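Please examine the sequence and the structure shown below. The paragraphs that follow treat the packing of helices and the confidence of the model.

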Amino acid sequence: LKPVVIGASKEQLMELFIEVGIAENDFITEFILTFWYFTTIREVLSALRRAYKCKHVPKEVEENNMKERHNNMTKHRIYYILYTWMKFYAEDFSDRSTKKRLLKLIQSMDLCEERACLLTLYDDNIGKQRKSLAQSMDTSAVLTPSLVLKEVPNTIFLCPLKILAQHLCLIDQETFFKIPRRELRDQKWGKKDPTRSAPNITQCIQLFNRVSYCCATEILSHEALKDRTYCLKRIISLAEKCLNHKGYNIVFAIVSSLNMCSISRLKKTWKALPQKYKEKFEYLDEITSAQNNYASYKKFLLTQIPPIVPYLGVFLRDLTFLEVGNPTYLDEEETVVNYDKFRMMAVVFQELITYQQVPFAAQPLEPIRKAFLSTLPALDEDTLYEKSVSLEPVVADLTPRKSFIHVLKRSVSTAQT
């Protein structure tokens, strides 16, 4: 059985990270994904530098005349750590001072093939790295505009559902791929000014909400029951096709729109819906159910292979539970790091990163992208409800007005209480 680290000081964890023969490569990945919570990148790079230059070896190694071999193995482990770090987690070296420290460490190494490889990788992934997305992005261009209260012709829903579903999934994947790991720490998306601290997660949330509002608005834009029922059929079919395209975040968005009070209360519309579409909706509603921490969705996801756009809300919820529900330290003096917490968090981070590595083969068409990000009409929640009541008035309508709009934020808020 592999030894499992439950708790240790940050110095002990860095020793496990660097020292040969103590921890396996999985520990290297876990450490890189989570070290920000209990130490700094400056301290880690300094520890790597000291270990590379250090000539001290354990007593048992020296007694067996294996000092030179041990030192060479330590150097090779540090080469491997830096290669893994720069290859897969280059975003950690986004600021100028960190880049300088990293380059200085690499240049101080022995002249060898591995050093040359690290310098090439540095040039490709770090040296030419563009400004961090949070600093370079034009939020006015990428963040979903405010909801509009006017009604205009909505022609995008008239295009073939297969094309619409495909492009919605492509647009959503583009947004999902932009999320850096730093935005996932400390629930930045739910704190003050998330457009600055977590702009890409905010963009994902706003795109999710726009899809929900647009679908509800489209259904309620039809005065005639026959037309409204036909539109409901198409929205359900759109969700089904997004499911087939493995765009699960969009599936959640569409289903959440159908569960809005303004839509779910349309009893005449739902009654007129053919049985097979009711069954399709029930299946989709079951997969996206939040019961037992999204157990149905998680079970379904295990049977799927990338490319996939997963439901972001599950990641945010799981990370919040792990961050808030487990202490960072195991002692009052805050010297023993609760590494078990960070091992579990590393699993969530790595799963999200894995999905970000496999893109769909196609690119979204610009007219569809523009329509969903800016021009599509989307009534606000109160207006939707008023429109719903005007279409199907009910005497003493006591339907509870639950909001399904900010679903991604709501799905994690309970973890903080």
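At what angle do the axes of helix 12 and helix 13 cross? The axes of helix 12 (residues 199–220) and helix 13 (residues 225–244) cross at roughly 155 degrees and come within 8 Å. Helices here are DSSP runs (H or I, at least four residues), numbered from the N terminus, and axes are lines fitted to C-alpha atoms over the stretch in contact, with angles from 0 to 180 degrees between N-to-C directions. Helix 12 and helix 13 are therefore roughly antiparallel to each other (angles over 145 degrees). Helix 12 contributes C215, E218 and I219 to the contact, and helix 13 contributes R228, C231, L232 and I235 (contact means heavy atoms within 4.5 Å). Five of these residues are nonpolar, none is polar and two are charged; Cys, Ile and Leu count among the nonpolar, Glu and Arg among the charged.

This is a predicted model, in which local features need pLDDT of at least 70 and side-chain atom pairs count only at pLDDT 80 or more, while totals for chains, interfaces and linings use all residues. Residues are numbered from 1 along each chain as its sequence is written, and side-chain values use heavy atoms, with hydrogens and water left out.

A second pair is formed by helix 19 (residues 312–325) and helix 20 (residues 339–355), which pack at about 165 degrees with axes 10 Å apart. Helix 19 and helix 20 are therefore roughly antiparallel too.

The mean pLDDT of the chain (the predictor's confidence in each residue, from 0 to 100) is 86. Over residues 131–152, pLDDT stays under 50. Where pLDDT is low, the predicted coordinates should not be read in detail.

Technical notes:
Helix = DSSP H or I, 4+ residues; strand = E, 2+ residues; numbered from the N terminus. Parallel < 35°, antiparallel > 145°, perpendicular 65-115°, else oblique.
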